Amino acid sequence: MDINLTRILALFLIGVATLGCENAVTPGSNNSTDPTNNGGATNLTSAEQADEGSKTDSLKTTVRFATYNVSLNRQKQGELLSELKSGNSDQAKKIAEVIQRTRPDVLLLNEFDYDQKGAGIDAFQTLYLRKSQHEQNPIGYSHIYFAPVNTGYDSGHDLDKNGKQGEPTDAFGFGQFPGKYAMVVLSRYPIDVENVRTFQKFLWKDMPDNQWPVDPETNKSYYSDEVKAIFRLSSKSHWDVPIKIGEKTIHLLASHPTPPAFDGPEDRNGARNHDEIRMFTDYVGGTADYLYDDKGVKGGLEKGAHFVIAGDLNADPFDGDGNGKAAQQLMTLKNVQVEEIPASSGGPHYAKAQGKANDSQQGNPAYDTADFGDVRPGNLRVDYCLPSKTLTLKATGVYWPKPDEPGGDLVGASDHRMVWIDIE
Ligand SMILES: [Ca+2]
Ligand SMILES: [Ca+2]
Ligand SMILES: [Ca+2]
Ligand SMILES: [Ca+2]
């Protein structure tokens, strides 16, 4: 066991001890001692606190699901937590105001640095969400799910082949420390923690007909057999988080596939992005017999189950560095609603104002969800909230106002925009 692993294990044990206290629920049975296996899951709570503005616990009214890459990641472990605890983070205030203005019932946050006690998300709730930002109504979430991710977790190999080991680029997912760019689910409705499934450790080699990268010069595998034997497909993690809404269970399928950039002609990250999206495509599409979760349970989602695929998928259906096929996998699934596309007024405004790559893109800028550099790749549609056809879609949107519209000054808090859907 290497030093990193020992350290993470120690942190995990502390985490479990902490979660053993009242008002916290430890995750379902966990036979592995590997700390990266479904470690810090909780229904944390503040349940007694007023759940400001919460709706009745049924599907009589619409329920708003949303995904938001909040870019609350920092260079060092603990840095985000310190900043949040100050109560004075300008970025966190703006992110909180966007959430207060849009008021999702179930919200996936991408790029929220992990800590094993959930102290970061607790501070974000207590000091930002539950406080009014510019006269907006406070908002609170009684149910939280978070767990370890692969980012910053050293692979023990020189993955980027630059002759040095132990760098952020040599981790299972790019990152300066374990848990950078992690994910959190916030919900006003109960989370069925015992039935959460995580796919953090699924090995890429075990996906049939995968896009394993090949060096175009030698026509051989880009990674060695040793690397192949341990390479995890998910760059963060893939979670199936069941949300109990009245009599219904809706599976929030959360992920954050690696960007298809920062690689060479072998396109190793493009290939990985494609297959990370394929994992959930197969999961809901009835073609996941090969898939095993972190508890060793095989297979995909039960046929006919309600689900919402959410997250920054780092793939635009038409533009950017991806091969285009990555996002299209989801678009062609028979049981997913893709016809009504969430849109904003700010997308077209900013594409026009920023120009350059935006001028020659194919995608409709109203569907953009990220304000990326305009020399390349330009603004893209990379964040998704896709409901199963078993659910009735009532409304959709991307929170991206024009500069002169209400909240127009908030969007700079992240390079991504919130995408939301109302379902019934
Ligand atoms: Ca390296
Ligand atoms: Ca690439
Ligand atoms: Ca831009
Ligand atoms: Ca675009």
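Let's start with strand E1, residues 63-72: 9 of its 10 residues are buried, so this strand is largely enclosed by the rest of the structure. Buried here means that 20 or more other C-beta atoms lie within 10 Å of a residue's own; exposed means 12 or fewer, partly exposed is in between, and the C-beta atoms are placed from the backbone. Strands (E, at least two residues) and helices (H or I, at least four) are DSSP runs, numbered from the N terminus.

Before I go on, please keep in mind that this is a predicted model, where local features need pLDDT of at least 70, side-chain atom pairs count only at pLDDT 80 or more, and totals for chains, interfaces and linings use all residues. Residues are numbered from 1 along each chain as its sequence is written, while chains are lettered from A and ligands numbered from 1 in the order in which they are written.

So who sits beside E1? Strand E13, residues 419-423, runs antiparallel to E1 and is joined to it by 5 bridges, with Val63 partnered by Ile423. Strand E2, residues 106-112, pairs with E1 in the parallel sense over 6 bridges, and there Ala66 stands opposite Leu107. For strands to count as paired, DSSP has to find at least two bridges between them.

Now to another sheet. This one is open, has 5 strands in the order E5-E8-E9-E10-E11, and its pairing is mixed. Strand E5 (197-198) and strand E11 (383-387) are at the edges with a single partner strand each, so one side of each has no neighbour in the sheet. Further in, E9 (residues 248-254) and E10 (residues 306-312) run parallel, joined by 5 bridges; Leu252 has Val308 as its bridge partner in E10.

Next, have a look at Arg272 in helix H6, residues 268-285. Is Arg272 buried or exposed? Buried, because 27 C-beta neighbours fall inside 10 Å. Beyond its neighbours within four places in sequence, Arg272 is in contact with Ser235 and Thr258, contact meaning C-beta atoms, placed from the backbone, within 7 Å. Its C-alpha atom is also 7.3 Å from that of Gln211, 61 residues apart along the chain.

Finally, some backbone details for you. The Arg376 to Pro377 peptide bond is cis, with omega near 5 degrees, and Pro377 lies in the loop between helix H8 (346-354) and E11. Lys161 is not a glycine, yet its phi is positive, about 55 degrees; Lys161 counts as partly exposed, with 14 C-beta neighbours inside 10 Å. Asp209 likewise has a positive phi, near 50 degrees, and is exposed, with 8 other C-beta atoms within 10 Å.

Methods
Two residues are in contact if their C-beta atoms, placed from the backbone, lie within 7 Å.
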